[in-house]
Amino acid sequence: MTSDEPISGVASELNLPRRQLLQRMAAGASLTAMVGSTALAQDTPAPAAPAPPVRPRPPLPDADATTDEFLRLYSSLSNWNRWGADDQKGAVNLITPAKRKRALQMVREGESFSMARDAELKPAADNNAPIIRKMKRVGKGQEPDKFKVGGTSDTFFIDYHGYAHTHMDTLCHFLYDKKMYNGYSEDNVTEEDGAIKNSIINFKHGIITRGVLMDIARYKGVDWLEPRTPIHPEDLDGWEKQANVKVQPGDVMIVRTGRWARRDAKGPWPVSDGLAGLYMACAEWMHRRDVAIIGGDGAQDVFPSGVTGISQPIHTLCIVAMGMPIFDNLDLELIGRECEKRKRWEFLVTASPAAVPGATGSVLNPIATF
C-alpha cells in the first residue's frame, strides 16, 4: 500500500442481500478457477519487431468512473473461499511447485539484478519518512580484545509503507467494509499482536516464480509517463503484442511507468501532484490472467484514481477482493535496460520478505535473474 489513510467516500455497505452477494462472489471464483486451471506454455517466445510508438492518452480527469462500478468489480473479482475458508495466501496459491520449477528452468545466463530502490536517509517531496539509521559502534576509537578483533553495528527504523521505500504489502494491509481478504474481520489486527490473520508471516518461505515486465513507458515511446497518466487494459494488451510476451497464471506482473527516471531527471515531486499507474479496469484484466502478485515503480494506482470516492481502487481490489500482494516502489530502470538489451521481458523473480509475525508488510529486495 501507499497510504495509511482510510478509504473515503465509499458506502459502508454493498447494498446487496447476503445470499446474492455470496452467489456473485462464488460465480466470480468459479470463473477464475477455470481460467487458472488452463495450462499455458512456458517457452520463451522469439522477440517481435518493435511497433511504432503509441501516443499517450491525456491524463485522467478527477473522476470518470463511479462507486457503483467499483462495487461491481469488488464483488465479481472476489477470490474469497477460492482456496478455502481459512486461506491467508490468496493469489500466491497460484505459484505452485510446478510453476516454481518452470520459472527456475527459465534461467539461462545466471545474471541477477535487483529491483529495489536504494534507501533514502533524507526527506524529500515524495518521502516524508526517510530511514532513520543510528550507528551503535563505529570503526575508529575501539579497544579491540586481546585477539585484536573489533566490529561495527547500527540500528535503523523503516516506516516502509508509503511512496518511497521498496516494500511488499500483505493481505491485511487494506480493508473494505471492515473486512480484509477472505472475510477476516478488522478485529484481527490489534496493537498488541499486530495482524493475527493475513500477515506477512504467511510468505516467509519466499516468492519464486516467473516475472513479466510490462514496460508501458517504452510501449508509449517515452522515457517516462507523466504524473496522472492512466494505464488501461488495452495498453497491457498492446505491450504483450509488441513485446511478444504473455502474462500467465502465477506470474508476478511488473509495470514500469518510468517514475524513477523522471525523478532522477527532474527531481522529486509531491504525490499530491499525481502518479502514473493502473486504471481500475486493469484489475479485471489481471483477474482473468490469474496474476499472483502485482508490482511496479510507483503505487500501482494512477493518482488521482479517476474513480469517485475511491482513492486507490487497484490496491483495494487486488489486496482485499483478489488476495493479491503488491510490490510497491520498485526501481525498474536497470531491469528495463537489461530486458531491452536482451529483447526478453520475462525472468525468474525471487523475493524474501522479513519473517515478522503480525506485520502488515515488509521491506523487500526482489531479484530478477535471466
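Author: Helices here are DSSP runs of H or I with at least four residues, strands are runs of E with at least two, and the elements are numbered from the N terminus. The model is a predicted one, in which local features need pLDDT of at least 70 and side-chain atom pairs count only at pLDDT 80 or more, while totals for chains, interfaces and linings use all residues. Residues are numbered from 1 along each chain as its sequence is written, and side-chain values use heavy atoms, with hydrogens and water left out.

The protein chain contains nine helices and 17 strands. Of its 370 residues, 52% are buried, a term that means under 20% relative accessible area, with exposed meaning over 50% and partly exposed in between (1.4 Å probe, protein chains only). Contact means heavy atoms within 4.5 Å. Among contacts between residues at least 6 apart in sequence, 82% join residues at least 24 apart.

Two packed helices are described by the angle between their axes and the distance between the axes. The axes are lines fitted to C-alpha atoms, for helices over the stretch in contact, and angles between N-to-C directions run from 0 to 180 degrees.

The buried residues are P233, D235, L236, G238, W239, E240, Q242 and A243. They pack against strands β8 (207-215), β9 (230-231), β10 (252-256) and β11 (277-278), and against helices α4 (216-220) and α7. Just after α5, N244 takes a positive phi of about 55 degrees.

The axes of α5 and α7 come within 8 Å and cross at roughly 50 degrees. That angle makes α5 oblique to α7, since angles under 35 degrees count as roughly parallel, over 145 as roughly antiparallel, 65 to 115 as roughly perpendicular and the rest as oblique. From α5, the residues P233, L236, D237 and E240 meet C282, W285 and R289 of α7. This contact divides into four nonpolar, no polar and three charged residues. In that grouping, Ala, Val, Leu, Ile, Met, Phe, Trp, Tyr, Cys and Pro count as nonpolar, Asp, Glu, Lys and Arg as charged, and the others, Gly among them, as polar.

Helix α7 (residues 282-289) also packs with helix α8 (residues 313-321), at an angle of about 25 degrees and with the axes 10 Å apart. That makes α7 roughly parallel to α8. The crossing of α7 past α8 is right-handed, meaning that the near helix is turned clockwise from the far one by less than a right angle, and left-handed if anticlockwise. On the α7 side the contact is made by C282, A283 and M286, and on the α8 side by I314, L317 and C318. Here the residues divide into six nonpolar, no polar and no charged.
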